[in-house]
Amino acid sequence: GPTLSFRGIDNLTYYRTIPVSPAHYINDTGCGNTINSDHPRVQSLICDSMRYWVEDMGVDGFRFDLAPILGRTSSGFDTNHALFKKINRDPVLNNAKLIAEPWDIGPGGYQLGHFPKGWGEWNDQFRDHTRRFWRGDEHRTPSFAQSLHGSAEIFEPRGRKPSASINFITSHDGFTLNDLVSYEQRHNLANGEQNQDGHDNNHSANFGVEGPSVDPVIQHRRRRQRLNFLASLLLSRGTPMMLGGDEIGHSQQGNNNAYAQDNETGWIDWSGLTLDPAFTNEVRKLLALRRNTSLLKADCYPHGQTRTRAGEPDIAWLLSDGTPVADEHWQYHRTFLMLLVDTKRKCEDPDQPIAVALLINGSFQKQPFKLPRIATSTGWQCEFSSDLVEAVSSERVVLQEQSCACMVYKHV
């Protein structure tokens, strides 16, 4: 074949090849070859290139596609790979943002949670657990709650913080948020691959009609579901990642692999801001709530062991009637409340809540919630809801079917 790229310089140094047949490349990328990050010269090339992008081009970080390739040796992936160590020791690169897509197609290629400290990792489990819970799949409450908690079961045992989890619902691969609630099948014929390309297991729902609908009931349910997804993303522990255009309802007409569509299918029509400004304002509200509430963006894993002087734990999981969630409840209850409490109470800012409650009603009927009592506070206030919240009293609210709400308790 033709001599391209580094093949003509030093083929066996720059590419991983099959030992018994060095003319054949190892294909952990799906693109035909794999760079040999195990070689010192290749490691130098990678680090030199990254420094150029940081120092000369002004980027503040990198997102690595198929990132396990960076840590591959002849015997598999190594969290302590020499390349990772060189990047972390480099005085320029150790301050850059480093984000891994923690899977490739090679053997042992799924490495979520196994990258070094200082790296962020795309958390596809957050995506799938959240999609399946809100779709109504059975027995998904435990995994969804773990996702809201920042996927501690994945990252905490290795000394990682919640910020290591790059949480997302949608990305450049797959459905947009609007299409996630409008299509149950991919519609990729325009890509020229007989609709065989793109992911075929999207955990999506169309609420009765495949594609656009003028039915106000379907439109309402889809809008509410989009807000459920964004609230789950922006009010959970971890680093949230949004797909551009989701805030204005961008659609690719059901195409979930639109990288080849350099046309109206893939382009974002920013005039969409005028189509549903109320929805975009709800997204702004969620972003502001996340940005301005320390309890929501704290980079630690609470486990209910730290308490206030009044005995309130830093986190509690409650059923809608206010009783603690027991182990046997998780599999069958689709309504629960995640309570976060500022146990130190050092901040006396009247705008900073001392408690935040995320109310989740994943059932298909209205659900009353009994709100917990918090010492030295003025009462619960609703800061966000994906649908109408019926206020019954200061300690009891009713959520619509398949909806969520965020309540805050502030200082006296």
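The following legends describe close-up views of a predicted model. Local features need pLDDT of at least 70 and side-chain atom pairs pLDDT 80 or more, while totals for chains, interfaces and linings use all residues. Residues are numbered from 1 along each chain as its sequence is written, and side-chain values use heavy atoms, leaving out hydrogens and water.

**View 1. Helix α5 (residues 141-148) is mostly covered.** Six of its eight residues are buried (under 20% relative accessible area, 1.4 Å probe, protein chains only). These are Thr 141, Ser 143, Phe 144, Ala 145, Ser 147 and Leu 148. They pack against α4 (124-135), α8 (216-234), β10 (315-318), β11 (335-341) and β12 (355-361); contact means heavy atoms within 4.5 Å. Helices (H or I, at least four residues) and strands (E, at least two) are DSSP runs numbered from the N terminus. Just after α5, Gly 150 takes a positive phi of about 100°.

**View 2. The contact of α4 with α8.** The axes, lines fitted to C-alpha atoms over the stretch in contact with angles running from 0 to 180 degrees between N-to-C directions, come within 11 Å and cross at roughly 140°. Phe 126, Thr 130, Arg 131, Trp 134 and Arg 135 of α4 meet Gln 225, Asn 228, Phe 229, Ser 232 and Leu 233 of α8.

**View 3. Gly 113 in the loop between β6 (97-100) and β7 (119-123).** Gly 113 counts as buried because its relative accessibility is 0%. Not counting residues up to four places away in sequence, Gly 113 touches Glu 121, Ile 154, Phe 155, Arg 158 and Arg 160. Gly 113 and Asp 38 lie 75 residues apart in sequence and 21 Å apart in space, C-alpha to C-alpha.

Terms used: Buried means under 20% relative accessible area, exposed over 50%, partly exposed in between (1.4 Å probe, protein chains only).
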